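Colleague: I am new to this structure and would like a close look at a single part of it. Could you take me slowly through what surrounds that part, and then on to how the chains meet?

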Amino acid sequence: MAMSKALALFSFLQLCWLTACAPPQTASDGSDFPNRNLTIICPWAAGGGTDRVSRFFADQLEQALGKPTIVTNRTGGGGAVGHSAGATAKPDGHTLLMGTFELSTMHGMGISHLTHEDYEPLLQVNADAAAIIVRSDSPWASVGDLIEAIKAAPGQVKMSGTATGGAWDLARAGFQLAAGLDVKDVLWVPTEGSAPSIVELLGGHIDAVCCSLAEAASQIESGQLRGLAVMAEDRVSGFDGVPTVKEAGIDWVAMGWRGLLVAKDTPAPIVTTLRETLQTIAESDAYLTFMKQNRFGHEVKVGEAFSDFLAAQDAQWQKVIAAAGYAK
Amino acid sequence: MSGSPLLDKLRAYSLSGFFVSLGITAIILALRIPKTGFQSEYDPGPAAVPALMGLSLTLGGLYQGLLAWRHSETTSPLHLKAFWILAGGLVAYAVAMPSVGFALSTVTLVTWMATWLGSRWWMSLLFALGIVLLVQILFGQLFKVPLPQGVLGLPF
Amino acid sequence: MALTELLTLEVLIPWLLSMIFGIFVGATPGLTATMAVALIVPISFNLPANAGLAMIIGVSFTAIFAGDIPATYLRIPGTPASASATLDGHALAQQNRGRFALILNLWCSALGGLLGVAALIFIAPQLATFALKFSNFEYFWLAIFGLSLSAVVSAGHTVKALLAAALGILISTIGIDTSVGTPRFTFDSVALTGGIQFIPVMIGLFGLSEVFRNVLRKSDVSPDAARPAEKVSMLEVWSTMWKRKSTIAKGAVTGTVVGALPGAGADIAAWASYGIAQRTSKEPDTFGKGALDGVVAPTSANNAAVGGAWIPALVFGIPGDAVTAIVLGALMMHHITPGPEIFTHHADAVHSIFTIGLITQVLLLLAGYAGIRAFGAIMRCPRHLIMTGVVIFSIVGAYSLQNRFFDVWIMLGAGLLGFFLDRHGVPLPPLILGLILGPLAEKKLRAGLISSQGNLTDMFTQPICAALVSMLVVIFLGPPLWKIWKSSKA
């Protein structure tokens, strides 16, 4: 017994001692980058679209840089947990974040304090515009019909796509404001995302869904659902039959995006290395094929261009949040 | 440790005390959950369910207290010392692992714990090395979980 | 086509290997069936389509069964769907009948899986159409039905069971509210905005608290407390199954239907089946003390649910759970578009899925035996070494869920809580039920109220709601009323 007690004490002291010693730091001017495994943080669950894109980049980065690259799903809090993990990671370029659309909206909604300025943006890898999607047997043939229906019975048309105040809810709120409607003229039923909303739509429990066309691709291609309009500058390739809301005279664009970022204060040489490597991957045929197979929109903006895009997104969504009366 | 009547009393009421205090705290905190401007008028709101659960815990806890008062439900006394030693060891392990690394902290904890539970120290050490190797192969290689590296800069 | 193309070595070897991999992942607390599939998918892309599909389907069925192995032997559920095996399965293991319980469990899993796949083959379109009728209030009542099972698994302490369920629901509300995005009980901590993941809670509540209990009764962990090896007769397993054929059938039907609902999964299926079996049993009091029906019912349901989840996935392209979500992504990449037409346009692919699903059940028996044997060998180690190993695997398992220490602390906290509640006779399964079903009940009730604009009558008069409410009434008021009626006649 005495022996085990002594051992216990010894082990504990050993632990204390080891805790006190700081782990050795590798000099990071970027010359030896990468010197350990890389991690891509995905703020959404395994199996979803963002996870699939993250895993594609992990695989390609591993081949390009020769270090094992792992995808870690840090889910929850409407994306806040994963985005925060990316911002607070050690700024040595070994931890990347697959940031999403929510980074542009969640600080405005009071979910998180994070903005794009807490990161060093590397490059945008995807953009999918918001779209209004209905059942194939819906009486509405165009977005004009939908607006007429909303005007005829305010608060009776039911839509979903995310939680109330979530990304796709803001997209449709902005659309309604641009069309001269009140935000409350549509009854938004909260769900956890596009997949459960599509189930509700197919079951006839709601009238329309606001999400990207890619998220409803299998139902659209099999003829169960139909895109009414897409909130983009131009029609989306692969869904050429779906008109833009601009064609109906409504000046509104809502873009969901995905992009890779690293923590602020990552040394410039490392950022440059990562940008160059990632740009090669994002412009490769393999990536184009992958995006096409998944019906994701291919959109690459590197460095400054990506930063400017993020700043513009921020301004756009702040305006919508204020106008819709969503600000806390 | 079972002799003191005061301790026996405390033990008898600890469950009810736990639920009542938790319930009241939950109600107070739930009432302070901020309201959003855009919440639907038909939505009972984010505070409704937590407040209701807090109320249930309070009432149920009070009922447990009443039972304890009427029957003085007794639980057998514990070797609490062993409990605190183990709990302390685990906390120290979890605190140390991020900086010490998985391999070293685990070898230390397993060697200590197995010896404490009654095996010879060299056997515990062998067992500890085996466990670290197994976890490293399973998690590190097969399941692709990055375990904390720590001071030695070992691959795990 | 399918059969001859599937039964080649190029397909069978990766298939069986992936299933053995599934055993490891499923048996490791903290790593779920979803994780197993996510890890297999990248490998499967480098193989021919059939082999890849076989690996994915195989791994998803095996991981669910494998979760029952540590649940039975150690009272630590390996996957969320195996939490109910900590009741009767573990009670049997304590009577040195663990191996028997697991072999019975394995055969019922395979049979349940078989029936789930059969439902997929024969009545997929009908069942999928039925599943679409479930909207907010329907899911709300389903969740309430599940929560009411707290009283079933309460072992006589009904009030304490309800307290545990309320505590579970309260814990589940921590984090960003999923309906309007309001932070609740987060105290400005980013980690808490993500809420408390229930897997670390489950590991701590069952696994770690069990270690504490054992350590405090030192006799149980002393090096010479090893048990004699257990002999299992296959004849006994089969005759047990034959006697319980109605429980297996009820479990498989419950599992398939619940699995086919896009908003529910194998975990809810297992609990619902357990509750129905207990409520319709002639000896309800034996449940929780090693009733064989309590082993058979949940395990036939959770594997049937895996097959059930394929139904809305193939018919409407809607994933029933994270596993089918991953597979749907993979199918799209192979240019197979799920939807009502899939059965005619992609008949080949559909038939491969059917055939793979059926053969997987046979292979499950092989991989499962290997898993039980391997685990049985570990169980013959001295108890104190096992307890030490359990501690390490609990911590690493909690950590590996999201590679962060926050979950380790949650696990340790849950271990202390579980130990405290257990000592005071509070049953722990209701806490898990509260954690799993609380969010479903809250979210769906609120969405339902918004969608119906506060119309409460819809909540009871919608056909499926009415059916669920009457089921609730019959199951809970039926037995006592039946007793009163019988005693008044006597």
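Modeller: Let us begin with Ser84(C), which, once its neighbours within four places in sequence are left aside, is in contact with Ala270(C), Trp271(C) and Pro298(C). The model is a predicted one, and in it Ser84(C) sits in the loop that runs between helix H5 (68-74) and helix H6 (88-94) of chain C. Ser84(C) counts as buried because its relative accessible area is 2%, and the cut-off for that word is under 20%.

From this residue we can turn to the side that chain C presents to chain B. The contact draws 60 residues from chain C and 68 residues from chain B. Between chain C and chain B an area of about 5,700 Å² is buried, and carbon and sulfur atoms give 83% of that area. Within the part that chain C buries against chain B, Leu163(C), Leu216(C) and Arg423(C) supply 11%, which is more than any other three residues.

As for polar links, the count between chain C and chain B is four residue pairs in polar contact, with both residues at pLDDT 80 or more. The count of salt bridges between chain C and chain B is one, and there the side chains of Asp43(B) and Arg446(C) meet at 2.8 Å, N to O.

Several elements of chain C each supply at least two residues of the side that touches chain B, namely helix H2 (9-27), helix H9 (158-172), strand E2 (183-184), helix H11 (198-216), helix H19 (383-402), helix H20 (406-423) and helix H21 (429-451). H19(C) gives the most to this side of chain C, with twelve residues. Sorted by kind, the residues of the side of chain C that touches chain B divide into 42 nonpolar, eleven polar and seven charged.

Finally, for another example of buried residues, consider chain A, where helix H7 (residues 194-202) is mostly covered, with seven of its nine residues buried. The buried residues of H7(A) are Ser194(A), Ser197(A), Ile198(A), Val199(A), Glu200(A), Leu201(A) and Leu202(A). H7(A) is followed by Gly204(A), whose phi is positive, near 80°.

Note on methods: Residues are numbered from 1 along each chain as its sequence is written. Chains are lettered from A and ligands numbered from 1 in the order in which they are written. This is a predicted model: local features need pLDDT of at least 70, side-chain atom pairs count only at pLDDT 80 or more; totals for chains, interfaces and linings use all residues. Side-chain values use heavy atoms; hydrogens and water are left out. Contact means heavy atoms within 4.5 Å. Buried area is the accessible area (1.4 Å probe) that two parts lose on being put together, summed over both. A salt bridge is a side-chain nitrogen of Lys or Arg within 4 Å of a carboxyl oxygen of Asp or Glu. A polar contact is a pair of N or O atoms within 3.5 Å; within protein, one must be able to donate a hydrogen and the other to accept it, and residues adjacent in sequence count only if both atoms are side-chain atoms. Helices (H or I, at least four residues) and strands (E, at least two) are DSSP runs, numbered from the N terminus. Ala, Val, Leu, Ile, Met, Phe, Trp, Tyr, Cys and Pro count as nonpolar, Asp, Glu, Lys and Arg as charged, and the others, Gly among them, as polar. Buried means under 20% relative accessible area, exposed over 50%, partly exposed in between (1.4 Å probe, protein chains only).
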